[in-house]
Amino acid sequence: KKLVESIMIRRKKANVLPDLPDKLYSCVPLELENEREYRKVEADFIQFVQETKGKEAAEKAGKAEHLAKIEALKQLSVKGKMKQAIQWIRDFLDTNGNKLVVFAVHKTTVDALMKEFKKEAVKIDGSTPAGKRNEAVEEFQNNPKVKLFVGNIQAAGTGLTLTAASSVA
């Protein structure tokens, strides 16, 4: 409240740019390529952690089993959908020639996307130094060869101008 009353200004799209069309949402279903592994973890998470990371990790995970299980299942889901997600991004970039912003949660996801699209992408994640963040944004905004912005949702989720793209995944 104090910020809003003193220095912060909040503008809503409806008030500033009423002529912009409503957002369009599209659901792109992707199959799990590792469904068997996913179901195994879903059924017996602690056993999976013990087999893959050891007894100490399993004991730690047991203390917050539900949270650790959710995170492990999220990571397995990403692993099982990565090939299809990369293909979808490739199709998007090749088909309509527009720029695309992709947000991800896990560093491994950001790294995999940058490995695949390194010649036509820039990224901002937790490892991006403060001085390089503006460079990445400027490159995305102004370089026609840079078609993809890959950002970690926490590091790049707010405060960036990415208006060169009209689509976000």
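Okay, a definition to begin with: helices here are DSSP runs of H or I with at least four residues, strands are runs of E with at least two, and both are numbered from the N terminus. With that in place, K23 sits in the loop between α2 and α3.

Two housekeeping sentences. This is a predicted model, with local features needing pLDDT of at least 70 and side-chain atom pairs counted only at pLDDT 80 or more, while totals for chains, interfaces and linings use all residues. Residues are numbered from 1 along each chain as its sequence is written, and side-chain values use heavy atoms, with hydrogens and water left out.

Back to K23, then. Is K23 buried or exposed? With a 1.4 Å probe and protein chains only, buried means under 20% relative accessible area, exposed means over 50%, and partly exposed is in between. K23 comes out at 61%, so we call K23 exposed. Now look across the chain: K23 and S167 are 144 residues apart in sequence, and their C-alpha atoms are separated by 9.7 Å.

K99 lies in the loop between α6, residues 65–96, and β1, residues 100–104.

Lys and Arg count as positive, Asp and Glu as negative, and His and the chain ends are not counted. A salt bridge needs a side-chain nitrogen of Lys or Arg within 4 Å of a carboxyl oxygen of Asp or Glu. K99 is buried and has no salt bridge; E139, the nearest side chain of opposite charge, is 8.3 Å away.

F140 comes back in another way. K99 lies over the face of F140, 5.0 Å from the ring centre. The rule there is that NZ of Lys or CZ of Arg must be within 6 Å of the ring centre and within 35 degrees of the ring normal.

Staying with rings: Phe, Tyr and Trp (its six-membered ring) pair if their centres lie within 6.5 Å, with planes under 30 degrees apart counted as stacked, over 60 as edge-to-face and the rest as tilted. That rule gives 2 aromatic pairs. In one of them, F140 and F149, the centres are 5.8 Å apart and the planes are at 65 degrees, so the pair is edge-to-face. F140 is buried at 0% relative accessibility, and F149 is buried at 0% too.

On to the salt bridges. How many salt bridges does a search of the whole structure find? The answer is 13.

One of them joins E33 and K83, at 3.7 Å, N to O. E33 is in the loop between α2 (13–16) and α3 (35–43), and K83 is in helix α6, so this pair ties together parts that are 50 residues apart in sequence. K83 is exposed at 60%, while E33 is partly exposed at 45%.

Another is R39 with E42, where the closest N and O atoms are 2.9 Å apart. These two are 3 residues apart in helix α3, about one helical turn. R39 is partly exposed at 42%, and so is E42 at 33%.

Then there's K123 with D111, at 3.9 Å between the closest N and O atoms. K123 is in strand β2 (residues 121–124) and D111 in helix α7 (residues 107–117), so the pair ties together parts 12 residues apart in sequence. Both belong to a network of salt bridges that links K107, D111, K123 and D125.

Last stop, helix α7 again, where we find T109. T109 is buried, at 11% relative accessible area. Neighbours within four places aside, T109 is in contact with V78, M82 and A104.

Definitions and conventions:
Contact = heavy atoms within 4.5 Å.
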